[in-house]
Amino acid sequence: MSNNALYIYGIIKTSKNWKEHGIKGNNVFLINGRDFSAIAHRCEEKPYISNNPIEVKDLILAHNNILDKAMKNFDAVIPLSFNTIIKTSEEKTAEENLRIWLKDNKENLLKIWDKIIGKNEYGIRIYYEKKKLLEKIKELYEIKQLQQKSQIESEGVAYLLKGKIKDEINKKAQEQIFEYKQNFYNNIKELVSDITINRSKILLDEEKNLLVSISILVDKKQIQKVNSYLVNSNFYFNIAGPFAPYSFINPQESNFQDLQKSIISEVSETLKNKGFCRNG
Amino acid sequence: MDNVNKIGIVELIDRILEKGAILNADLIITVAEVPLLAANLRLALANVETMIKYGVMSDWLEATDITEKETKKNSKPQPAILEEQKQEKILLYEKENNRKK
């Protein structure tokens with residue numbers, strides 16, 4: 001098979017030339033449109049695939065490495081998903097197809113570019129300590145009252161009260177987790193350009209008390225402030241990045257608007273998934 | 001791989017495989033194999049037993065099915081191919097699970 005397709009890593013706003021080595025050492029170059037250029041290498045019309053996890057990891061890291069370098073050189077990059085390969089059509093080469101796409105999507109690309117220039121994406125995971133939270137709740141006046149009452153009542157009433165205490169602890173835990181999320185959101189939104197909630201399908205063992213996982217789009221100069229806030233916030237957290245702005249490439253949406261709603265719906269989901277009260 | 005690096009890689013995979021700008025479907029080659037690709041790497045990164053314990057594997061398979069449906073809608077691949085891919089995934093999952101045991 002001949003290399004008549006184009007693997008596209010991302011889009012940048014430049015008309016300069018740029019060369020790098022990408023996936024499997026392929027020569028990466030720019031295909032210039034009028035305002036935007038695509039970062040590409042020539043390839044066959046088939047996706048990169050392997051059954052070897054190490055090879056797969058190398059492929060993904062190679063894709064990301066090109067985007068990292070582009071971000072450093074051009075101050076921003078519009079990232080494309082892994083294995084985005086432009087094919088030839090009956091009448092046009094892959095290169096011609098790409099140039100037409102760049103031209104047709106100029107307006108959208110400009111909106112995205114204005115939004116992401118000079119900014120990076122980071123992933124933040126916030127955790128809560130279940131044991132400490134439950135201890136705190138058990139110290140609340142209402143819970144203590146119920147516990148004291150259950151000790152002096154008859155066996156039947158005490159049994160019913162035990163169920164009520166459980167329900168009450170669950171309710172307070174929900175309220176507390178909601179408050180944690182609200183506090184976190186209210187503080188972090190002041191420091192960033194945009195936020196989106198992550199719904200990763202990957203759950204690591206260490207993360208059983210994950211409170212929220214978000215992506216932030218933040219000005220490069222502001223990241224220190226975000227870090228300082230997290231360090232001083234008493235939250236357990238993990239921050240990963242910088243990444244190309246994968247989660248913020250839709251210029252039509254303001255992710256802030258939906259975030260509040262997501263936080264509320266996620267509280268009950270978190271509790272349901274963690275079996276909060278029963279295990280506590 | 002320590003936990004911090006593991007989380008960093010997980011965050012990266014989530015983005016590269018599931019996010020990013022999308023080109024018109026008629027311009028790009030079909031990438032029905034991408035979910036399989038993700039499966040390989042995810043199995044390598046996360047503890048399989050933990051994933052099963054928390055029901056992540058079933059969620060993930062469900063999510064993969066959705067991706068396949070979308071791909072099918074866009075590219076109209078043969079149903080037999082999708083079935084074959086699903087079987088491959090199940091075999092891969094069982095193999096990894098047996099290896100862990």
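Of the 280 residues of chain A, 31% count as buried. The model is a predicted one. Chain A holds 9 helices and 10 strands. Among its contacts with a separation of 6 or more, 76% are between residues 24 or more positions apart.

- In chain A, 4 strands make up an open sheet with antiparallel pairing, and their order is 8-9-7-10.
- Strand 8 (194-197) and strand 10 (236-243) of chain A are the edge strands; each has a single partner strand, so one side of each has no neighbour in the sheet.
- On average, neighbouring strands of this sheet are turned by 20° against each other, direction ignored.
- Strand 8 of chain A is paired with strand 9 (residues 210-219) of chain A over 4 bridges, in the antiparallel sense.
- A:Leu217 in strand 9 of chain A has A:Asp194 standing opposite.
- Helix 6 (residues 155-188) of chain A packs on this sheet and touches strand 7 (119-127), strand 8 and strand 9 of chain A.
- The direction of helix 6 of chain A makes about 5° with that of strand 9 of chain A.
- Strands of a sheet pair through backbone hydrogen bonds, in either a parallel or an antiparallel way.

- A:Gly241 and A:Pro242 are joined by a cis peptide bond, with omega at about 5°.

**Helix 5 against helix 6**

- Helix 5 (residues 141-152) of chain A and helix 6 of chain A have axes that come within 9 Å and cross at roughly 165°.
- Angles over 145 degrees count as roughly antiparallel, so helix 5 of chain A is roughly antiparallel to helix 6 of chain A.
- The crossing of these two helices of chain A is left-handed.
- On the side of helix 5 of chain A, the contact is made by A:Glu142, A:Ile143, A:Leu146, A:Gln147, A:Lys149 and A:Ser150.
- On the side of helix 6 of chain A, the contact is made by A:Ala158, A:Leu161, A:Lys162, A:Lys164, A:Ile165, A:Glu168 and A:Ile169.
- By type, the residues of this contact divide into 6 nonpolar, 2 polar and 5 charged.
- A:Asp167 is also found in helix 6 of chain A, and this residue counts as exposed because it has 11 C-beta neighbours inside 10 Å.
- A:Asp167 and A:Val28 are 139 residues apart along the chain, and 60 Å separates their C-alpha atoms.

**Strand 4 and its partners**

- In strand 4 (residues 37-43) of chain A, 6 of the 7 residues are buried, so this strand is largely enclosed by the rest of the structure.
- Strand 1 (residues 5-12) of chain A runs antiparallel to strand 4 of chain A and is joined to it by 7 bridges.
- One of the bridge pairs consists of A:Ile12 and A:Ser37, the latter in strand 4 of chain A.
- Strand 3 of chain A also runs antiparallel to strand 4 of chain A, with 4 bridges between them.
- A:Ala40 in strand 4 of chain A has A:Phe29 standing opposite.
- Strand 3 of chain A and strand 4 of chain A are connected by a hairpin through 4 residues.

- A:Lys24 is a residue other than glycine with a positive phi, near 55°.
- The loop between strand 2 (20-21) and strand 3 (27-32) of chain A contains A:Lys24.
- A:Lys24 has 13 other C-beta atoms within 10 Å, so it is partly exposed.
- A:Asp75 is not a glycine either, and its phi is positive at about 70°.
- The loop between helix 1 (53-74) and strand 5 (78-79) of chain A contains A:Asp75.
- A:Asp75 is partly exposed because 16 other C-beta atoms lie within 10 Å.

- A:His63 belongs to helix 1 of chain A.
- A count of 20 or more marks a residue as buried; A:His63 is buried, with 27 other C-beta atoms within 10 Å.
- A:Gly22 is 41 residues from A:His63 in sequence and 6.7 Å away in space, C-alpha to C-alpha.
- Neighbours within four places in sequence aside, A:His63 is in contact with A:Tyr9, A:Ile23, A:Phe82 and B:Ile16.

Methods:
Residues are numbered from 1 along each chain as its sequence is written. Chains are lettered from A and ligands numbered from 1 in the order in which they are written. This is a predicted model: local features need pLDDT of at least 70, side-chain atom pairs count only at pLDDT 80 or more; totals for chains, interfaces and linings use all residues. Two strands pair if DSSP finds at least two bridges between them. Axes are lines fitted to C-alpha atoms, for helices over the stretch in contact, and angles run from 0 to 180 degrees between N-to-C directions. Two residues are in contact if their C-beta atoms, placed from the backbone, lie within 7 Å. A residue is buried if 20 or more other C-beta atoms lie within 10 Å of its own, exposed if 12 or fewer, and partly exposed in between; C-beta atoms are placed from the backbone. Angles under 35 degrees count as roughly parallel, over 145 as roughly antiparallel, 65 to 115 as roughly perpendicular and the rest as oblique. A crossing is left-handed if the near helix is turned anticlockwise from the far one by less than a right angle, and right-handed if clockwise. Ala, Val, Leu, Ile, Met, Phe, Trp, Tyr, Cys and Pro count as nonpolar, Asp, Glu, Lys and Arg as charged, and the others, Gly among them, as polar.
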